[in-house]
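Work through the following exercises with the sequence and the model side by side, and try each task before reading its solution.

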Amino acid sequence: MKLFFNYLLFAWRNLRRQRLYSLINLAGLASGLACALFIFLYISHERSYDNFHRQAGQMYRLTNQLSLDGQGENSSSCVLPAAPAILNDYPHLVKSAVRFFNYQDAEHTLRYEDKMFNETSLFFTDSNVFEQFDFPLLKGESSTVLSRPGTIVLTQSTARKYFGDADPVGKRVKFDGVIDLEVSGVMADLPENAHFHINGLIPFFYQGGFYRNMLNNWVWNPCWTYIVLQPGVTSTQFLAEMPAFVQKYYPEHLKPQIVHELQALRDIHLTSSLDYEIEPNGDGALLYILGAIGLFILIIAGINFTNLATSRAMYRAREVGLRKVLGADRSMLIQQFLLESALTGLLSSLFALILAWLTLPYFNELASKDFTWQILTAPQNLGWLAGIGLLIGLVAGLYPAFYLSSFEPALVLKGKVSNRGGHSWIRKSLVVAQFTVSVVLIALTLLVGNQLKYLLDSSLGFDREQVLVVPVRGPMAASYIPFFEQVKQEDFVVSTTVMNDVFGKSHNTHEFNYEGMNPGEWKYFPCLYVDENFLATFKLQLLAGRNFDKTYVRDDSLAVLINEVMMKELGFSKPEDALGKRLYTPFGHERIVGVLKKFNYVSLTKPIGPMVFDLPAPNQKILWTRNLVLRLKAGELRPMLMQLEKLWQAHANEYPFQWYMLDDKLDQQYRAQEVLSKLTNSFAVLAIFIAVLGLFALASFTAASRTREMGIRKVLGASAWQISWLVLRDFMSLAGLAVLIALPLGWYAAEKWLAGFAFRISVTPWPFVWSALLLLLIVLLTSWYHLYKLSKTNPVTALRHD
Amino acid sequence: MIHVHQLNKVYRTDEIETTALDQLSFNIEEGEFVSVMGPSGCGKSTLLNVLGLLDTPSGGQYFFNGQEVSTLNEKARANIRKQQLGFVFQSFNLIDELNVYENIELPLIYQDVAASDRAERVRVLLEQMGLLHRKKHFPQQLSGGQQQRVAIARAVVSHPHLILADEPTGNLDTKHGKEVMELLKELNEAGTTIVMVTHNPEDAAYSHRTIRMLDGAIVNHPF
């Protein structure tokens, strides 16, 4: 025990005596650990989604694939009647089911007295929602809170917006200006780690007629459906029943095309990117990338540790000899050195925690997270941090412990220990490994940055700048129509159009039959309802044919435009050939009047798919008008917005004025890439910092250990530059070797990551060249100081060394 | 106590072979104070290292207290070192990170001596060496003479049978050198066997007899 304390005491005094060394060691390891802690927090947070439901293990989302010959949709939502039918037919397999429905409108207006807001995340749902999900209910009984028609449960923060501190229960709010709802309960706001969020829940049956009609609709699939399997039932058992289920309920033409799948609730956030997701999900690949970066940084920091400890061997050699003389055997010394490195590891963990605490706001901003000191110091996170610190200390301390303890006392006590012979290849390999990891990290950071820039700056094939979108809904028609008419008169409005969906997300698919297909067979293609100004507003190019024509004598809503990809899908190679061809729908037929040059309407991560552009029938215009789209003149936005808002107030003051700029929305699609880019940037800088610390110390020890040699060379007439070059050459060749190894590794990783993008930059050697140059520059700068000092040393002093 | 028979030590590199010890044979009895003298490079220190089990001979036999020790493994050698040997060096070789008290205590820790016993033994020695008031000081805060006294205290604290001293006065002025030699003499008179390498005939005069070496071998005539 005393020996243990003696080691501790010694380790502590050693740390204090060798301040610069300790500082470099601790700073490197602590910043590496802090960064690893952040990555660990991020990954554990991303992996914790939807874990808070007690039934999460048996809960699944029912999804819906609809395809023929690879065309169609892969939807996260299902038809409305699926859940009741499943509960009815398979009670032995399914314990409960809950649906969420929002008319596929992101927003609805709620009003209480003079307070009115557009609310996202309002859902119609089943009354057993609080029994299936563990959404914490603050006011109301979970079994009854949604059992009465015309009620609504609000989240705490939503309720506070309307009612302040007053008790909301019993108060009445108006939904979209038409439906009266009584607040029957209040639920807690959902934590961030839920794959979708809720502001209010309304029981299904209140919609009366609409709901009754939809209950028999086995085509429209807007309903996110979550089922809980009976205990012991597996998803495979359930899915085995689905083909029969499809045959029993779906209309004839859909039977061959519909496939139901299950997604485990807890997997949705990281693995699902289906059509019509409730909220954008996370990216599992990002976690692997971050995990790898974390590991890289720990490797760099660990190698620093090993290298510094080993290169200090000559400073510790005498001590090793003495301890052996005084009776210590090798195992005692190994224990001592391992204890020292474990202690350094633990101490670094402590500094890492402080560092993490200081930089937490910065990290939160980078990663768009909201981690707190409480989360940072949760027992499992502290345990992890200490564990990793200890592990790195021990692993990185292993080689130095064995190396140092091997010194022969008879030799070292005479000062006959060289720092350059023996196992110097191990140290060199470690330096090469460290350089390699640094080059890969820097190069990948550059590549990620370039790809992000490419995604954000690429021409999408339409003009996305200066486009303002005002989302509207059917019930608002009386208000927005006069507003829109007046907007068109404003001189800052260049042109306008309407759309049922915007660009940048998956679009509703419609069924079509065309030449070559069997009658009654349908293929599903994305379809967008627009008006005749659509082309002008987005500056789209026609390859052949004409635009929709407002002055057309007959109803032009039977005309459609298609894009180039759709043209190929239909089997035509020349745009002109597609003109005049018919597309059949279950309700009649349409005729192709124009072919548009292809443009990117979803995201650059996905290839451009086929698309049909249609005019809604005159009696369906209001149904399909979901967005008023305004192309504004270039110039300051504020005065234009003020004028727009004034016009809105004049015509639609029962709804809040809501708008966004399309390019902002489109950029948001690349949030994941942006987060990745920001994180890799910061982590790469950190990795460089740690590597520089290590290099600085290594250069200093190398310089010190060669002082005598340099003195002799100087006496013999070597110039300062020749002397510097001797040491530099070693570092440079190690760095060069690292670049050679890093190139194929980094190239492979980059190709793998970029494979996830339909539109991507190509990998060139340049990022690797730049990172190699950067690395060499760093090597040069970090070694220069020591070499300069060394080359200026008086040879007499140098020779007195040793 | 020490019986050495045809002891050899050869250092080999790729090109050359250097004989550091050449067929040495001698005995040292318990309670003796023996000096080893000779010019630089004659093998004095190598001999001391072999006797102290810090280095292994290339050939011959070395019996310590009747046991053949030249073939023991590192662990067994470490064990004999900590139980029966004490070392004093020219350059003191104190551990800079430990204070006077802790430096002297260290061998006892390696020997697993109980805490109360350790404290008592270190205190007695500190008093004997006139270092009690310095016990919290670190080596760099002491004079050379004081450092060597600490080193001697450290060498004797575990009651070794044999003390090996390698030019113990080499880094000291005459006054402090004399103090150290007196101290060694006292220890010898109290029963500890001492083998001391020295250049200094005055120091050698403190010993009972002198082994003279040249080119790795024992010679009988003075230089």
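Ser121(A) is buried, with a relative accessible area of 15%, where buried means under 20% relative accessible area, exposed over 50% and partly exposed in between, for a 1.4 Å probe and protein chains only. The model is predicted, so local features need pLDDT of at least 70 and side-chain atom pairs count only at pLDDT 80 or more, whereas totals for chains, interfaces and linings use all residues. Residues are numbered from 1 along each chain as its sequence is written, chains are lettered from A and ligands numbered from 1 in the order in which they are written, and side-chain values use heavy atoms, with hydrogens and water left out.

**Exercise 1.** Describe the backbone and the setting of Ser121(A) and of Asp112(B).

Solution. Begin with Ser121(A), whose phi is positive, near 60°, although the residue is not a glycine. Its place is the loop between strand S5 (115–120) and strand S6 (122–125) of chain A; helices (H or I, at least four residues) and strands (E, at least two) are DSSP runs, numbered from the N terminus. Asp112(B) lies between helix H3 (100–110) and helix H4 (115–128) of chain B, in the loop, and is exposed, with a relative accessible area of 69%.

**Exercise 2.** Compare the end-to-end distance of helix H11 of chain A with that of a straight helix, and locate its kink.

Solution. Helix H11 (residues 330–367) of chain A has 38 residues, and a straight helix would reach 56 Å at 1.5 Å a residue, the expected span being 1.5 Å times one less than the number of residues. The end C-alpha atoms are only 48 Å apart, short of that value. Now look at Thr359(A), where a kink of about 60° lies shortly before the proline Pro361(A); the bend at a residue is the angle between axes fitted to the seven residues ending there and the seven starting there. Just after H11(A), Ser368(A) takes a positive phi of about 50°.

**Exercise 3.** Give the order of the open sheet of 4 strands in chain A and identify its edges.

Solution. The order is S15-S23-S14-S24 (chain A), with antiparallel pairing. The edge strands, each pairing on one side only, are strand S15 (493–499) and strand S24 (660–661) of chain A. Strand S14 (residues 467–471) of chain A meets S24(A) over 2 bridges in the antiparallel sense, and Leu468(A) stands opposite Met661(A) there.

Methods. Pairing = 2+ DSSP bridges.
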